[in-house]
Amino acid sequence: MQLRKIREERGLTLEEAAALVMMSKSALSRMENAQVVARAHEVDYILMSYGYEEGDDLRSALVGLATGGRSRDWIRRHKQLEIGANYSEYVLLEQDGSELFTYHGDLIHGLLQTPEYARAVMTSVPSNAGRDINHAVAYRMARQDAINGPCPLTLKAVIGEAAVCQQMGGREIMSAQLTHLLEQMERPNIELQILPFTATRNPGVDGSFGILDVEPGDFAIVIIDGLRRSIFLEEDEEVAPYRDIQAELCRIALSQDETRERIEQAIRDLQTDVIEENTK
């Protein structure tokens, strides 16, 4: 995407650029449209041909993206957990990301889930009946390397109040999950806000989404997850409206301190339910 954007900013047609970098028009087109792997030395040569000096930040970043940064180490450690090709490509970008904003109306995001909560979520979906849930849970837990590593991703999440009220997996699992959220909120790279039931409007009413900023290459993608497929939006004009929704959600949602208090209250409610049930 960045190679195409840079070419267009240079005012070059695909044919002119192909001649400049001494590649076929079809080969450059396939590279720009992610139909072939863009190898590091090719990216370096193309950017040099476009006028980017050695040591330029963008040139270095894009060459680094083609080489594979933290994601390459992630592949080495978790290659046995490979899932679908498209989703795996996103997960690798997640490992190289600098910041992820995510909104879910009724679920806690996968990067903040406990294994037990993740299992409860996955087994709730009828179409997962034939799926290897152990494998899927392991993959989700491995993804959390993105927020736990030496150069962690900054995660900013807004969740609907329903996500902390529904007893996903039962009281014990949900209580442990909420306690885990409180622990994660103590970390400098985690920001969590709740969109309360009392909010008079919901900018995210169209559905859950994420915005991932990828550090190598300096670009953003929007992720919209569905039951059968995930949609990825990468053009600036496609990402911009979701940035506006992000800003509004963060403005309307409870502050981090208020969110912490609401989670603590949800834990107390679960504990009270257990006590009342045991005294019946």
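This is a dialogue about how terms are applied to the predicted model above.

Visitor: What kind of model is this, and how are residues numbered?

Guide: The model is predicted, so local features need pLDDT of at least 70 and side-chain atom pairs count only at pLDDT 80 or more, while totals for chains, interfaces and linings use all residues. Residues are numbered from 1 along each chain as its sequence is written, and side-chain values use heavy atoms, leaving out hydrogens and water.

Visitor: Why is Ser 175 called buried?

Guide: Buried means under 20% relative accessible area, exposed means over 50%, and partly exposed lies in between (1.4 Å probe, protein chains only). Ser 175 has 16% relative accessibility, so it counts as buried. This residue is found in helix H12, residues 171-184. Across the protein, buried residues make up 42% of the 280 residues.

Visitor: Which residues does Ser 175 contact, leaving aside its neighbours within four places in sequence?

Guide: Ile 267 and Leu 270. A contact means heavy atoms within 4.5 Å. Among the protein's contacts between residues at least 6 apart in sequence, 73% join residues at least 24 apart.

Visitor: Is Met 22 buried or exposed?

Guide: Met 22 has a relative accessible area of 67%, and therefore counts as exposed. Met 22 lies in the loop between helix H2 (14-21) and helix H3 (25-32). Its phi is positive, about 60°, although Met 22 is not a glycine.

Visitor: What makes H8 oblique to H9?

Guide: Helix H8 (residues 115-124) and helix H9 (residues 133-143) pack at an angle of about 130°, with axes 10 Å apart. The axes are lines fitted to C-alpha atoms, for helices over the stretch in contact, and angles run from 0 to 180 degrees between N-to-C directions. Angles under 35 degrees count as roughly parallel, over 145 as roughly antiparallel, 65 to 115 as roughly perpendicular, and the rest as oblique. The angle therefore makes H8 oblique to H9. Residues making the contact include Pro 115 and Met 122 of H8, and Ile 133 and Met 141 of H9.

Visitor: How do you know that E1 and E2 pair?

Guide: Two strands pair if DSSP finds at least two bridges between them. Strand E1 (residues 97-104) and strand E2 (residues 154-160) have six bridges, in the parallel sense.

Visitor: Why do E3 and E6 stand at the edges?

Guide: The six strands form an open sheet in the order E3-E2-E1-E4-E5-E6, with mixed pairing. Strand E3 (190-195) and strand E6 (230-233) each have a single partner strand, so one side of each is left without a neighbour in the sheet. On average, neighbouring strands of this sheet are turned by 15° against each other, direction ignored.

Note on methods. Helix = DSSP H or I, 4+ residues; strand = E, 2+ residues; numbered from the N terminus.
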